[in-house]
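Here are my notes on this model, in the order I would walk through it with you. Have a look at the picture, then read on.

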Amino acid sequence: MSLVFGQVEPVVFQAYAFWAAVLGLKMLLMSVLTGLKRGSKKVFSNPEDVKPGGKVAYDDPDVERVRRAHRNDMENILPYFIIGFLYMFTNPSVTVATNLFRLVAVVRISHTVFHVLVPVHKFRGMSWAIGFFTTSFMGVQIVLHFL
């Protein structure tokens, strides 16, 4: 089977582009959230950033919770960007592809909500697992398609 670029269903590309952009913006927002949390807790990672009444600290539990959520995004969303992009070239069903892209985005957003805003381990774990296995499914489909 040969890979011919340009044969991606436009609706599939639109869905991927939309949800990838949502997740990209979500990751950017995590940087802002980390900065806001540092500012509200008056703990900073660089001495030159310390405001009056603040201190340099690398172990504030609230700041670290946001940073861990951001790191988890990098570990899961960045591979999704690549795998989701390549998945478009497997000629997937429009409905399936659109819903897989949507599902990954929704569960990654819910993972952050349940990690940072409303810490509930069960829902956070479920959100992570759904996103992980959905991305893995797409990855397996790519490998099988191009064998």
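1. First, the helix labels: helices (H or I, at least four residues) and strands (E, at least two) are DSSP runs, numbered from the N terminus. Keep in mind that this is a predicted model, where local features need pLDDT of at least 70, side-chain atom pairs count only at pLDDT 80 or more, and totals for chains, interfaces and linings use all residues. Residues are numbered from 1 along each chain as its sequence is written, and side-chain values use heavy atoms, with hydrogens and water left out.

2. Let's start with helix H4, residues 121–145. Ser127, Gly131, Thr134, Thr135, Met138, Gly139 and Ile142 are the buried residues of H4. Here buried means under 20% relative accessible area, exposed over 50%, and partly exposed in between (1.4 Å probe, protein chains only). Helix H2 (61–87) and H3 are among the things that cover these buried residues.

3. Which residues form a nonpolar patch on the surface? They are Leu103, Phe123, Met126 and Ile130, with about 310 Å² of accessible area together. H4 gives the most to this patch, with three residues, while Leu103 sits in helix H3 (residues 94–117) and is partly exposed at 33% relative accessible area. For the record, patches are made of residues with over 30% relative accessible area and no salt bridge, with like charges joined within 9 Å and nonpolar side chains (Val, Leu, Ile, Met, Phe, Trp, Tyr) within 5 Å. The areas come from the Shrake-Rupley method with a 1.4 Å probe, and for residues only the protein chains shown count as cover.

4. Now the inside. The largest nonpolar core has 20 residues, and those with the most contacts inside it are Tyr16, Leu23, Tyr80, Tyr87, Met88, Phe101 and Met138. Helix H1 (10–41), H2, H3 and H4 each supply at least two residues of this core, and H1 gives the most, with seven. A core is a set of buried Ala, Val, Leu, Ile, Met, Phe, Trp, Tyr and Cys residues joined through side-chain atoms within 4.5 Å.

5. Take Tyr87 as an example. Leaving out residues up to four places away in sequence, Tyr87 touches Pro92, Val96, Ala97, Leu100, Phe101, Phe137, Met138, Gln141 and Ile142. Contact means heavy atoms within 4.5 Å.

6. On to charges. How many salt bridges does a search of the whole structure find? The search finds six, each being a side-chain nitrogen of Lys or Arg within 4 Å of a carboxyl oxygen of Asp or Glu. Lys26 pairs with Asp73, the closest N and O atoms being 2.5 Å apart. Lys26 lies in helix H1 and Asp73 in helix H2, so this bridge ties together parts that are 47 residues apart in sequence. Both ends count as buried: Lys26 at 9% relative accessibility and Asp73 at 0%.

7. Asp62 and Lys41 also meet in a salt bridge, 2.5 Å from N to O. Asp62 is in H2 and Lys41 in H1, so the pair ties together parts that are 21 residues apart in sequence. Asp62 is partly exposed at 34%, and Lys41 is partly exposed at 32%.
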